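Hi,

Here is the structure I promised to pass on. Have a look at it first, and then read my notes below.

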Amino acid sequence: MNDCIFCKIAKGEIPADKVYEDKNCLAFLDITPINPGHVLLIPKEHYENLYDLPDEELKNLAPIIKKLAVAIKKGVNAEGINIGMNNERPAGQLVPHAHFHIMPRFSNDNLRHWPGKSYQEDESKQVAEQIKKFL
Ligand code: 5GP
Ligand code: ZN
């Protein structure tokens, strides 16, 4: 995509602090990290989000996510790692080029877990059935 910022980073048209690259993917530091060492992993091909990402691409990316998690943990002495992917605007996706966030965490970083809601009686069974219909 011509005006996609992550395509431009993948092509080297705009700079980024790269930490890993192979023929399929690129990993670089997020410009506004939740903590130093927050990495974004992208396929070099433009796909908008997880729904568009072919299974083959996902198979290539999965072990790299793990490799980056281990390297980030060691590299910045993280006490934990969050893996995230925002898909579509209501879920917080700002850049419409599929990407995984690999984020170092520290016990004193003051970031919160998302708030947990609760189900009404039997609601969880219905919700599980609704999802299973599409699998
Ligand atoms: P999203 O909200 O789409 O899941 O996350 C997009 C992420 O991309 C944000 O965390 C943002 O800081 C990062 N980002 C946006 N523009 C740039 C850029 O030009 N360079 C880098 N390295 N990161 C960027
Ligand atoms: Zn793109």
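Predicted model: local features only at pLDDT ≥ 70, side-chain atom pairs only at ≥ 80, totals over all residues.

Which side chain has an N or O atom 2.8 Å from an oxygen atom of ligand 1? That one is His101, and the pair is a polar contact (N or O atoms within 3.5 Å). The side chain of His99 has an N or O atom 2.7 Å from a ligand oxygen, and for Asp30 the distance is 2.5 Å.

Residues are numbered from 1 along each chain as written, chains are lettered from A and ligands numbered from 1 in written order, and side-chain values use heavy atoms, without hydrogens and water.

Back to the ligand. There are 16 residues around ligand 1, counted as near if a heavy atom lies within 4 Å. By class, this shell has nine nonpolar, six polar (Gly is put in this class) and one charged residues. Helix α1 (5–10) gives the most, with three residues, and β2 (25–29) supplies at least two. Helices are DSSP runs of H or I with at least four residues, and strands are E runs of at least two.

Those two elements also meet in an aromatic pair, with ring centres within 6.5 Å as the rule. Phe6 in α1 and Phe28 in β2 are 22 residues apart in the chain. Their ring centres are 5.4 Å apart and the planes are at 75°, so the pair is edge-to-face (over 60 degrees; under 30 is stacked and the rest tilted).

Cheers

Notes: Polar contact = N/O pair within 3.5 Å; in protein donor to acceptor, adjacent residues only side chain to side chain. Phe/Tyr/Trp six-rings, centres within 6.5 Å; stacked < 30°, edge-to-face > 60°.
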